Amino acid sequence: MATYYLCSGFGPEHSFVNKFGEMLANDLKLHKSLVMIPCGGDKEETEAHVGFVTQQLEEVGIVFERKIILSKDMSREEQRRYIKDADLVYLMGGYPFSQKAFLEENGLCECLQEYSGVVLGISAGAMNMSR
């Protein structure tokens, strides 16, 4: 069974460097692969957000060997394999309907239901982890 963290959001005034960061670090047994599922938006905006979150994770000692942002350019099988092998799956915040459509179009809802690692959903990502 997966461990879920569903959060409203993080910004400069609300960082991982607190009890939340400690809990997340404790639940993550390995730091090999971080898989991120964006909510649409442009590539520059997504990359800026990834940089912020990566920095927050590193501040609490969580440094991943590999960071993967799922995209339409990847096959369904490739996306599913990345999720299955991930230590942390991060459903990013942003546009919930765009992310939900991406999850459904690529058959990732079932994949996430079968996933047994740690899932972090922020804002729209948290909304899409609910029923």
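Author: Contact means that heavy atoms lie within 4.5 Å. The model discussed here is predicted.

Reader: Which residues does Asn128 touch, leaving out those up to four places away in sequence?

Author: With those neighbours set aside, Asn128 touches Pro96, Gln99, Lys100 and Leu103. Asn128 itself is found in helix H6, residues 124-128.

Reader: What makes Asn128 count as buried or exposed?

Author: Its relative accessibility is 13%. Buried means under 20%, so Asn128 counts as buried.

Reader: What makes the pair formed by Asn128 and Pro96 a polar contact?

Author: A polar atom of the Asn128 side chain lies 3.1 Å from the backbone oxygen of Pro96. The cut-off for a polar contact is 3.5 Å between N or O atoms, so the distance of 3.1 Å falls within the cut-off.

Reader: How is the lining of the second largest pocket divided by class?

Author: Six of its residues are nonpolar, three are polar and two are charged. The volume of this pocket is about 280 Å³.

Reader: How much space lies in the largest pocket?

Author: About 420 Å³. The lining has 17 residues, and those closest to the centre are Pro38, Gly40, Gly41, Leu70 and Ser71.

Reader: Which element supplies the largest share of that lining?

Author: H4, with four residues. Helix H2 (43-59) and helix H4 (96-105) each supply at least two. By class, six residues of the lining are nonpolar, five polar and six charged.

Reader: Which residues of helix H3 are buried?

Author: In H3, residues 76-85, the buried residues include Gln79, Tyr82 and Ile83.

Reader: What lies on the face turned away, and what covers the buried residues of H3?

Author: The face turned away from the buried side carries the exposed residues Glu77 and Lys84. The cover over the buried residues of H3 includes strand S2 (33-37), strand S3 (66-69), strand S4 (88-91), H4 and H5.

Technical notes: Residues are numbered from 1 along each chain as its sequence is written. This is a predicted model: local features need pLDDT of at least 70, side-chain atom pairs count only at pLDDT 80 or more; totals for chains, interfaces and linings use all residues. Side-chain values use heavy atoms; hydrogens and water are left out. On a 1 Å grid over the protein atoms alone, a cavity is a set of points where a 1.4 Å probe fits but cannot get out, and a pocket is an open set with protein on both sides within 12 Å along at least five of seven lines; lining residues have an atom within 4 Å of a point. Grid points are joined across faces, edges and corners, and a volume is the space filled by probe spheres set on the points. Ala, Val, Leu, Ile, Met, Phe, Trp, Tyr, Cys and Pro count as nonpolar, Asp, Glu, Lys and Arg as charged, and the others, Gly among them, as polar. Buried means under 20% relative accessible area, exposed over 50%, partly exposed in between (1.4 Å probe, protein chains only). A polar contact is a pair of N or O atoms within 3.5 Å; within protein, one must be able to donate a hydrogen and the other to accept it, and residues adjacent in sequence count only if both atoms are side-chain atoms.
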